[in-house]
Amino acid sequence: MAEPLIALDELPETRVIIAGWRRQWSDGGNISSGMPRWLIDKLSARRIGQMTDEISRMCFPFQVAGTHDLYRPRAAFNEGLPSRPMQWDNGFWDAGDGLVIFLGIEPWYRIDLYGQAFFEAVSALGNPKIAAVEGYNGPAPPEQERRISCVYSKAAMADELRQHGMLFSSYGSQQRQGPTIGMAMVSLAHYQHPDVEMVRVGAMAPMFPFSGGSGGQLGITTDHRAFYDIMRRLRALYSLDIDLSDLRPRYEEEAERLQESLDRVAQRNDEARRYIERVRGEHNFMPFEEPVELPPGIEGTLADILGQFDLPGEDDDGLAGAR
C-alpha cells in the first residue's frame, strides 16, 4: 500500500491558493518565502495540514557537505527532550474567504512526487485557482512599480492576466534554462493536470552591483513594494478582500533607504552614476490600476446626473464645450 502524501485535517471551501517556498532559488526580495508568511500572520490563518513524512523522506537531504545548518530539517528540544519530530515543513493554512495559503520548501529530489502531493491537496480542496509567487533580483528604481511577469498553465488565462498588468515570460525559449519551483509546478499543471488553473507570478526586487556597508550588494532584502504590486493584482484577479495599506510605509522607507545609498555611490563614482541613470531610463513594467467597485445602484444615479447635461451627439464635432 502506497504511503499517503498529504494530511489535511480540514477541507475548507477554497477558491484560491497562494503558494510560496522557503530555501529556494527564486526568492529575491523574500517574495516567495516572505509574502505567504506575511499573509498567514496578517490574516491569522489556521494551519489545516501538510505534506507527509513520505515527502520528507523522498524529496529532501539531511544535509549538504559544507553548509552546516542550511539544509537540515527542523528539530526542537525542551529541557533535553525532543519536543517535535524532525520535519521539512510543507504546510497549508486556511485564511478564510476562500483563500488557502501554502508555504513549503523547494524539494531537492523527486519533483514528480512533490508535485503529486501538491496537486493531490489541490484536488482535495476542490481544484481552486493557484498563484505561485516568486522573486528575482535585478537593477530597478527603488520607488517605482515593480516589473511583474508570469507563466501560466492554460491558454485561456492569457487575456485576464494581461488585463491585470502581467507581462508574459519566454524564459527558456532561447537557451537551456532550468525552471524555478513555481515554473516547474506550472509545467506539471499544464501537462499532467489540465483541469487546474495555475499562474506563477514573479517580481524583480531591486539589487545593484555595488557593494553595501555589510559587504553584500545594494538592494532591498525584503521587498514590500513587490508584495504590494503582486497582491494588488491578485486581489483584483481573485476578488480578495485584503487590506494592503500597512505595506505602503514599509516600502516607502525601504525605497528611500536604498535611494540614499545609491546617491552616495553616484556621488563618488561617475560610472556608477551613469549606470543608475540608465537603469532608471530603461525600467520597463506594465502599470496596473485596480478597478474601483461602485456601490450598488450608483451607475443609475450617475446616468441620471449625466442625463441633465447637454452632451455632444454623434453629429457634433466634440468641441462644443471648448469654445
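**Helix α6 and its packing partners in a predicted model**

Good morning. I begin with helix α1, residues 31-42, and helix α6, residues 224-238, whose axes come within 10 Å and cross at roughly 70°. Axes here are lines fitted to C-alpha atoms, for helices over the stretch in contact, and angles run from 0 to 180 degrees between N-to-C directions. Helices are DSSP runs of H or I with at least four residues, strands are runs of E with at least two, and both are numbered from the N terminus. At that angle α1 is therefore roughly perpendicular to α6; the term covers 65 to 115 degrees, while under 35 is roughly parallel, over 145 roughly antiparallel and the rest oblique.

On the α1 side the contact (heavy atoms within 4.5 Å) is made by Ile31, Gly34, Met35, Trp38 and Leu39, and on the α6 side by Ala226, Phe227, Ile230 and Met231. Eight of these residues are nonpolar, one is polar and none is charged. The classes are as follows: Ala, Val, Leu, Ile, Met, Phe, Trp, Tyr, Cys and Pro count as nonpolar, Asp, Glu, Lys and Arg as charged, and the others, Gly among them, as polar.

A word on the source: this is a predicted model, in which local features need pLDDT of at least 70 and side-chain atom pairs count only at pLDDT 80 or more, whereas totals for chains, interfaces and linings use all residues. Residues are numbered from 1 along each chain as its sequence is written, and side-chain values use heavy atoms, with hydrogens and water left out.

The mean pLDDT (the predictor's confidence in each residue, from 0 to 100) is 89 for the chain, and 89% of its residues reach 70 or more. Over residues 311-323 pLDDT stays under 50, and the model has three contacts for them beyond four places in sequence.

Next, the axes of α6 and helix α7, residues 247-268, come within 8 Å and cross at roughly 135°, which means that α6 is oblique to α7. His224, Arg225, Phe227 and Tyr228 of α6 meet Leu247, Arg248, Arg250, Tyr251 and Glu254 of α7. By class, this contact has four nonpolar, one polar and four charged residues.

Finally, is Met166 buried or exposed? Met166 has 1% relative accessibility and so counts as buried, that is, under 20% relative accessible area, with exposed over 50% and partly exposed in between, for a 1.4 Å probe and protein chains only. Met166 lies in the loop between α4 (158-163) and β10 (167-168). Beyond its neighbours within four places in sequence, Met166 contacts residues including Arg233, Leu234 and Leu237.
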